[in-house]
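Here are my notes for your review. Please read them against the model.

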Amino acid sequence: MHFLRPLAILTIMIAGVVLSACGSPQGTANAPGTISNSRTAAATQNKANTNAEELGMLINFAWETEDLAWKKDEARKTLTAVFRLSPEDAKKLTEQLAARSPGAPKEVQVEDWFPAELVAQGESAGGSSVEGTAYPANDLYQAPYEQGTISRIDGTDFFVIELSSK
């Protein structure tokens, strides 16, 4: 029976060493969790947000969309949103925008997170942009986004909002 006590102590010590070897120290560049987390962060960073309520907290956005994708860039202090309206609502919005300003032709650069239809339209035009008509986005401004445009993409019911802070 005298050998059970040292055996129990030895077992506890071995279990402690084994369990401590399972963890990885924070800050280790090669830790599996770190690689996974950086990939997840990169994927999240490249993924567009589709939540209209969150967008409505950043800018004056109240449309019922059929499709919505948006991103904000904290470093450049910009916000870009792409959305599609029903044909009736797209016509109403375009008339509303044109009543305030005649609009100007604009080439909109298509990002990889834009809706697939716009990405395909940009690629079929032989580049990575689509043509549209840009209007001042004054009605959308909400601090810190206080300058920019809203563009209707030609031949579609898509609009692209490009805002930045002053």
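**Notes on the predicted model**

1. T156 sits in the loop between β5 (147–153) and β6 (158–164). Strands here are DSSP runs of E, at least two residues; helices are runs of H or I, at least four residues; both are numbered from the N terminus. T156 is buried, at a relative accessible area of 10%. Buried means under 20%, exposed over 50%, partly exposed in between (1.4 Å probe, protein chains only). The T156 side chain reaches the backbone nitrogen of F158 at 3.0 Å.

2. On provenance: this is a predicted model, where local features need pLDDT of at least 70, side-chain atom pairs count only at pLDDT 80 or more, and totals for chains, interfaces and linings use all residues. Residues are numbered from 1 along each chain as its sequence is written, and side-chain values use heavy atoms, with hydrogens and water left out.

3. The structure holds five aromatic pairs. Rings of Phe, Tyr and Trp (its six-membered ring) pair if their centres lie within 6.5 Å; planes under 30 degrees apart are stacked, over 60 edge-to-face, the rest tilted. W63 and F83 are a stacked pair, 5.2 Å centre to centre with 15° between the planes. This pair links distant parts of the chain, 20 residues apart: W63 is in the loop between α3 (52–58) and β1 (67–73), F83 in strand β2 (residues 78–84). W63 is partly exposed at 23% relative accessibility. F83 is buried at 0%.

4. F83 also stacks with F159: 5.4 Å centre to centre, 15° between the planes. Here the partners are 76 residues apart, F83 in β2 and F159 in β6. F159 is buried, at 0% relative accessibility. F61, W63, F83 and F159 form one aromatic cluster.

5. Six strands make an open sheet in the order β1-β2-β6-β5-β4-β3, with antiparallel pairing. Two strands pair if DSSP finds at least two bridges between them. Why is one side of β1 and of β3 (104–109) without a neighbour in the sheet? Both stand at the edges, each with a single partner strand. β1 and β2 run antiparallel and are joined by seven bridges. K72 stands opposite L79 in β2.

6. Helix α4 (residues 87–100) packs on the sheet and touches β2, β4 (129–136), β5 and β6. Contact means heavy atoms within 4.5 Å. The direction of α4 makes about 135° with that of β5. Axes are lines fitted to C-alpha atoms, for helices over the stretch in contact; angles run from 0 to 180 degrees between N-to-C directions. Helix α5 (residues 116–124) lies across β2, β4, β5 and β6, at about 115° to β4.

Key
A polar contact is a pair of N or O atoms within 3.5 Å; within protein, one must be able to donate a hydrogen and the other to accept it, and residues adjacent in sequence count only if both atoms are side-chain atoms.
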